[in-house]
Amino acid sequence: MAETRDHDTHGAWQWLVNGWHTLRDKALNALTYFSPEQDDQEVSQRWGVVAADVTDHKHSVAVEMELPGMEKVDLSVEVIGDQLVVSGEKRSGSTRREGTVVITERAFGSFKRTIPLPCQVDQGGAKAEYRNGVLKVNLPKDPSGQTRSIPIRRK
Amino acid sequence: MNDLIKPFDLFDDFHRPMSSWLGREFPFRFGADSDVWMPPVDIRQGDNEYVIEIEVPGFQPDDVDVEVHEGVLTIKGERSSESESNEEGVIRRERRRGRFIRRFSLPNSAPTDEIDANVKDGVLTVTVPQAVPASTTKIDVT
């Protein structure tokens with residue numbers, strides 16, 4: 001009896017551990033460092049979660065990234081090789097200068113997040129829009145370079 | 001500089017955003033991607049009000065509920081536009097699905113009928129006015 005119970009407990013524990021690892025791995029990718037603004041004297045979070053979804057469609061790759069409370073002009077989106085690089089400056093704004101801090105969990109400052117892309121994309125056809133605090137980037141696939149074949153030399 | 005003399009702050013810096021993303025009910029009710037999560041919040045106390053700012057990217061005003069019950073302010077939401085059940089082509093899924101919830105106890109004196117809430121660029125701002133201090137009348141003891 002005890003053995004069965006032990007086994008069950010172990011199973012439940014494994015289930016918990018596996019679930020935790022899955023969640024933590026996903027959050028760790030999204031964990032992003034925010035270097036503080038020059039004039040920011042306040043204690044704001046230095047690390048924030050910049051969560052992204054990437055979907056591989058037939059003719060394009062879609063990236064959605066959560067960047068709430070930003071101005072469009074403070075965002076930069078670039079394709080460098082087979083990576084999408086999103087960087088910017090998340091400003092805390094003038095409202096945060098007023099009053100006393102009760103709770104501070106949001107991160108502010110400059111940040112950069114690099115997302116590996118599954119294939120070569122046509123950089124010229126890339127489109128990006130920022131709405132409701134979500135950056136959506138659509139990257140058409142480059143039909144000429146979808147697979148990179150690397151020749152294997154024989155010695 | 002300060003980071004050098006306060007090494008444990010670094011752990012705290014990591015822990016806070018991660019546990020926010022993972023949600024408070026974790027690990028008791030996790031499973032699929034549908035568990036409850038807690039978006040990060042800033043609260044400031046001004047001269048006349050509290051200003052609460054919560055990061056809710058992708059949420060429309062209709063997706064968010066702000067309510068006060070027995071001195072507790074509850075802010076919760078669920079994305080209505082989340083119909084994409086098609087998981088085809090998914091390479092990365094970091095954005096949280098499902099519901100979020102945050103609760104705050106209000107000072108007894110807060111006039112709850114004057115609470116204001118609006119969503120802009122994925123940030124929900126809730127303004128809770130502070131009660132005007134009642135005027136004190138001095139009573140002379142004769």
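Biologist: Is Phe111(A) buried or exposed?

Modeller: This is a predicted model. Phe111(A) has a relative accessibility of 4%, so this residue counts as buried.

Biologist: How is a pair of aromatic rings described?

Modeller: By the distance of the centres and the angle of the planes. Here, 5 aromatic pairs are found over all chains. One of them joins Phe34(A) and Phe111(A), a tilted pair with 5.3 Å centre to centre and 40 degrees between the planes. Phe34(A) lies in the loop between strand 1 and strand 2 of chain A and Phe111(A) in strand 8 of chain A, so the pair ties together parts 77 residues apart in sequence. Phe34(A) is buried, with a relative accessible area of 3%.

Biologist: What are the distance and the angle for the rings of Phe59(B) and Phe100(B)?

Modeller: Their centres are 5.2 Å apart and their planes at 80 degrees, so the pair is edge-to-face. Phe59(B) is in the loop between strand 2 and strand 3 of chain B, and Phe100(B) is in strand 6 of chain B. Together with Trp37(B), these two form one aromatic cluster.

Biologist: Which side chains of strand 6 of chain B point to the buried face?

Modeller: Phe100(B), Arg102(B) and Phe104(B) do.

Methods. Residues numbered from 1 in each chain as written. Chains lettered and ligands numbered in written order. Predicted model: local features only at pLDDT ≥ 70, side-chain atom pairs only at ≥ 80, totals over all residues. Heavy atoms only, no water. Buried < 20%, exposed > 50% of the residue type's maximum accessible area, 1.4 Å probe, protein only. Helix = DSSP H or I, 4+ residues; strand = E, 2+ residues; numbered from the N terminus. Phe/Tyr/Trp six-rings, centres within 6.5 Å; stacked < 30°, edge-to-face > 60°.
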